[in-house]
Amino acid sequence: MSLIHALVARGGTILAEHQAGKRDFSQATQTILSKIPPNNSKLTYVWEQYLFHHVSEGGFTYLVMADDSAGRRMPFAFLAELQRAFTSLPSSSTSLSSLPAHGLQGSFSPIIATLIQTYNTAPPTDELARAQTELNQVKDIMVQNVEQILSRGERIELLVDKTDNMANQATAFRRGARGVRRQMWWKNTKITVLGAFVGLVLLWIIVAQFCGAGFNRCGKSNEIDNPPQLALY
């Protein structure tokens, strides 16, 4: 999955967003959003194997989180189309400037989801070409490491989700290990019981060869070898 999380915000207030993956990056996107300068800008922040691309214009910020394998051309093409979709909304500039947090979640989030799906499967070639042209023309699009803009406390907040994910993986591993141990115990128990049963059958076959299946020969043999003695009175 190339595009993971996208949003439209007014300053630090998220108006609408959509997350394509299962892992929650809300804290990360909110922290980075708070660091974006208020002036018009295009910037890419790097965090581990993820890139946060954004375009800020007219007081609104369009941000998308993507895998580093997506490069920069496709995410910025997505942001350009996201910006056009948002600016073409019938709402007036006055109503947009007074919307509360997630005020457009119900109406605009499905549009973000559709765009993410489109660009993750078959991005329009003309939009990619347009994005490449804009990237070539604009030389001041910076790439900055997230660690350079965060304080120590914010770094910890960003790592919380990663730590929780690792903890969940460790819990799942421990459960899986217990399940494997339980399966191995049952398997060993079955082998032991089966071995004991086979041993008893072999012992019965060996004894039966001398004493018969019902062990009646051994009794008769004992009577012949030791005939009863007549008591003399």
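Arginine 175 is exposed, with a relative accessible area of 57%. The model described here is predicted. Arginine 175 belongs to helix H6, which covers residues 152–211. On the surface, a patch of positive charge is made up of Arg175, Arg178, Arg181 and Arg182.

Helix H6 also holds valine 201. The relative accessibility of valine 201 is 32%, and the residue therefore counts as partly exposed, since that class lies between the limits of 20% and 50%. Valine 201 takes part in a nonpolar surface patch together with Leu194, Phe197, Val198, Leu202, Trp204 and Ile205. The accessible area of this patch is about 660 Å² in total.

Six aromatic pairs were counted in the model. In one of them, the ring centres of phenylalanine 78 and tyrosine 119 are 5.7 Å apart and the ring planes stand at 80°, so the arrangement is edge-to-face. Phenylalanine 78 is located in helix H2 (residues 73–87) and tyrosine 119 in helix H4, so this pair links parts of the chain that are 41 residues apart in sequence. Phenylalanine 78 has a relative accessibility of 0% and counts as buried. Tyrosine 119, at 2% relative accessibility, counts as buried as well.

A further pair consists of phenylalanine 86 and phenylalanine 108, with ring centres 5.5 Å apart and planes at 80°; this pair is therefore edge-to-face. Phenylalanine 86 is part of helix H2 and phenylalanine 108 is part of helix H4, so parts that are 22 residues apart in sequence are tied together by the pair. Phenylalanine 86 and phenylalanine 108 are both buried. Phe86 and Phe108 also belong to one aromatic cluster, in which Phe60 and Tyr62 are the other members.

The backbone at histidine 102 was considered separately. Most residues other than glycine have a negative phi. Histidine 102, which is not a glycine, has a positive phi of about 55°. Histidine 102 is placed in the loop that joins helix H3 (93–97) to helix H4 (105–121). With a relative accessible area of 36%, histidine 102 is partly exposed, as this value falls between the limits of 20% and 50%.

Terms used. Residues are numbered from 1 along each chain as its sequence is written. This is a predicted model: local features need pLDDT of at least 70, side-chain atom pairs count only at pLDDT 80 or more; totals for chains, interfaces and linings use all residues. Side-chain values use heavy atoms; hydrogens and water are left out. Patches are made of residues with over 30% relative accessible area and no salt bridge: like charges are joined within 9 Å, nonpolar side chains (Val, Leu, Ile, Met, Phe, Trp, Tyr) within 5 Å. Accessible areas come from the Shrake-Rupley method with a 1.4 Å probe; for residues, only the protein chains shown count as cover. A salt bridge is a side-chain nitrogen of Lys or Arg within 4 Å of a carboxyl oxygen of Asp or Glu. Lys and Arg count as positive and Asp and Glu as negative; His and the chain ends are not counted. The place of a charge is taken as NZ of Lys, CZ of Arg, CG of Asp or CD of Glu. Helices (H or I, at least four residues) and strands (E, at least two) are DSSP runs, numbered from the N terminus. Buried means under 20% relative accessible area, exposed over 50%, partly exposed in between (1.4 Å probe, protein chains only). Rings of Phe, Tyr and Trp (its six-membered ring) pair if their centres lie within 6.5 Å; planes under 30 degrees apart count as stacked, over 60 as edge-to-face and the rest as tilted.
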